[in-house]
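Okay, thanks for coming, everyone. Let me put the structure up and then walk you through the parts I marked.

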Amino acid sequence: MFEAISEAPPDAILGLLEAYRQDPNPEKINLSVGVYQDEEGRTPVMRSVKAAEEQIWKSESTKSYLGIAGAPEYASVVQEMLLQGGVSKSLRSRLVTVQTPGGTGALRVAADFLSQHFPQSRVWLSTPTWPNHPTIFSAAGLEVLTYPYFEAEKHALDWSGMAAALETTRPGDVVVLHGCCHNPTGVDLAPEQWRQVAEILDKTGAMPLLDFAYQGFGEGLVEDAAGLRELMNRELDMLVASSFSKNFGLYRDRVGALSALCSTAEAGSAVLSQIKRAIRANYSNPPAHGALIVSTVFQDETLRGEWEQEVAEIRQRLNGVREMFAQALEAEGIERDFSHIRRQRGMFSFSGLEPNHIAALREKYSIYMVGSGRINVAGINRQNIGPLCRAIKEVLAEPTGR
Ligand code: LMR
């Protein structure tokens with residue numbers, strides 16, 4: 001049977017990480033996968049996480065299964081994280097949350113749930129979006145459509161294109177929105193645009209699915225949830241796939257959640273029961289360790305304060321690197337305008353570099369970035385910024401179509 005299987009192409013993001021790890025060039029630079037790196041190029045375990053793990057190691061008394069939906073205290077923590085900053089308290093009884101293996105796990109559970117109960121759903125994704133989005137929804141058998149999001153020439157949101165496309169959605173459709181720090185563009189909706197998105201979806205009957213993987217990396221933990229609050233306070237049915245991979249640095253521990261806001265508590269209970277069925281048929285019940293870390297940090301005032309401080313430090317570094325990168329490109333005397341790098345938010349910068357530049361950077365300089373031109377700005381530091389900007393200058397000067 002297996003002889004008929006042909007080789008799959010490498011994953012658009014994780015495949016690059018594999019290639020980077022195999023590259024013997026000591027000067028190589030990794031700007032690909034969305035993993036935070038500090039000034040020394042390390043991805044350290046956060047201080048608050050280490051301290052929580054020590055507590056857990058001392059107190060954990062069993063490794064027996066969690067329930068299908070995960071730990072109830074973790075679900076409360078997730079809700080607290082999402083709802084901080086002014087969401088109507090009355091929503092809480094209608095919001096149900098399950099623990100999932102990462103944000104990707106949450107998206108896949110959402111996709112399975114939708115495909116089972118709303119097989120006619122069309123899932124709308126921004127152009128561009130995270131390359132795994134279409135893969136996840138198509139794998140669950142759902143039709144995938146796209147809405148304009150980004151105007152490449154202006155390096156800015158294509159708001160009129162986006163709004164016009166959302167106007168054509170219909171009841172049963174699902175619109176995937178990036179809660180903050182849009183991946184890959186780093187360009188987010190303004191508060192007024194969130195309000196208008198909520199209004200449009202309220203009118204057309206389409207449901208928002210918020211992919212919320214970078215809370216705290218844009219403007220702040222509370223500020224980054226402004227779009228979520230706008231949608232929730234509008235009382236729309238909605239799904240939220242959230243993740244602690246980035247803001248707790250728990251990438252390999254796979255810590256995420258799927259939340260559903262329903263119009264009644266009864267609907268919430270029914271939806272939860274069906275989501276649990278989808279989970280049982282997939283991975284049965286979630287891994288415990290990462291979620292326990294998150295709950296432990298949240299429940300300990302000192303650790304929580306420390307964690308908030310660490311998230312702020314990451315955010316400040318990301319914004320500082322943006323400025324340093326834009327300045328260094330200017331200082332190289334590159335004619336092309338890269339000032340948009342300063343305006344983007346989160347871990348990514350959509351550089352505007354074309355496929356031939358990206359290929360040349362990788363082949364000649366071992367500089368790895370995603371094929372769309374997405375750069376993980378956390379991979380830039382004081383040591384590699386010089387070689388990086390010089391390499392960009394050189395590939396830009398090459399004739400196109402190499
Ligand atoms: C990314 O976009 O690089 C991250 O979300 C990691 C991944 O799973 O693709």
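So, the ligand. This is a predicted model, and in it the residues around the ligand are I13, V33, G34, W130, N183, Y214, K246 and R374. Take W130: an N or O atom of the W130 side chain sits 2.9 Å from an oxygen atom of the ligand. For N183, a polar side-chain atom is 3.0 Å from a ligand oxygen. And with K246, a polar atom of the side chain is 3.1 Å from an oxygen of the ligand.

Stay on N183 for a second, please. What is the peptide bond from N183 to P184, cis or trans? It's cis, with omega near 25°. P184 itself is in the loop between β7, residues 174-178, and α7, residues 191-204. That loop between β7 and α7 also holds C181. C181 isn't a glycine, and still it has a positive phi, about 50°.

P128 belongs to the loop between β3 (122-127) and α5 (132-139).

Right, on to the helices. Two packed helices get described by the angle between their axes and the distance between the axes.

Pair one is α4, residues 102-117, with α9, residues 265-280. They pack at about 110°, and their axes are 9 Å apart. That angle is why we call α4 and α9 roughly perpendicular to each other. Their crossing is right-handed. Who makes the contact? On the α4 side, V109, D112, F113 and H117; on the α9 side, V271, Q274, I275, A278 and I279. Sorted by class, the residues in this contact of α4 with α9 come out as six nonpolar, two polar and one charged.

Pair two brings in α2, residues 47-59, against α11, residues 301-331. Here the angle is about 150° and the axes are 8 Å apart. Therefore α2 and α11 are roughly antiparallel to each other. From α2 you get R47, S48, A51, A52 and Q55, and from α11 you get L303, E306, W307, Q309, E310 and E313. How do the residues of the contact of α2 with α11 divide? Four are nonpolar, three polar and four charged.

α11 passes α14 in a right-handed crossing. The contact uses M324, F325, A328 and L329 from α11, plus I385, L388, C389 and I392 from α14. And by class? This contact of α11 with α14 has eight nonpolar residues, no polar ones and no charged ones.

Notes. Residues numbered from 1 in each chain as written. Predicted model: local features only at pLDDT ≥ 70, side-chain atom pairs only at ≥ 80, totals over all residues. Heavy atoms only, no water. Axes fitted to C-alpha atoms, helices over the stretch in contact; angles between N-to-C directions. Helix = DSSP H or I, 4+ residues; strand = E, 2+ residues; numbered from the N terminus. Parallel < 35°, antiparallel > 145°, perpendicular 65-115°, else oblique. Left-handed = near helix turned anticlockwise from the far one by under 90°. Contact = heavy atoms within 4.5 Å. Nonpolar A, V, L, I, M, F, W, Y, C, P; charged D, E, K, R; others polar. Near = heavy atom within 4 Å. Polar contact = N/O pair within 3.5 Å; in protein donor to acceptor, adjacent residues only side chain to side chain.
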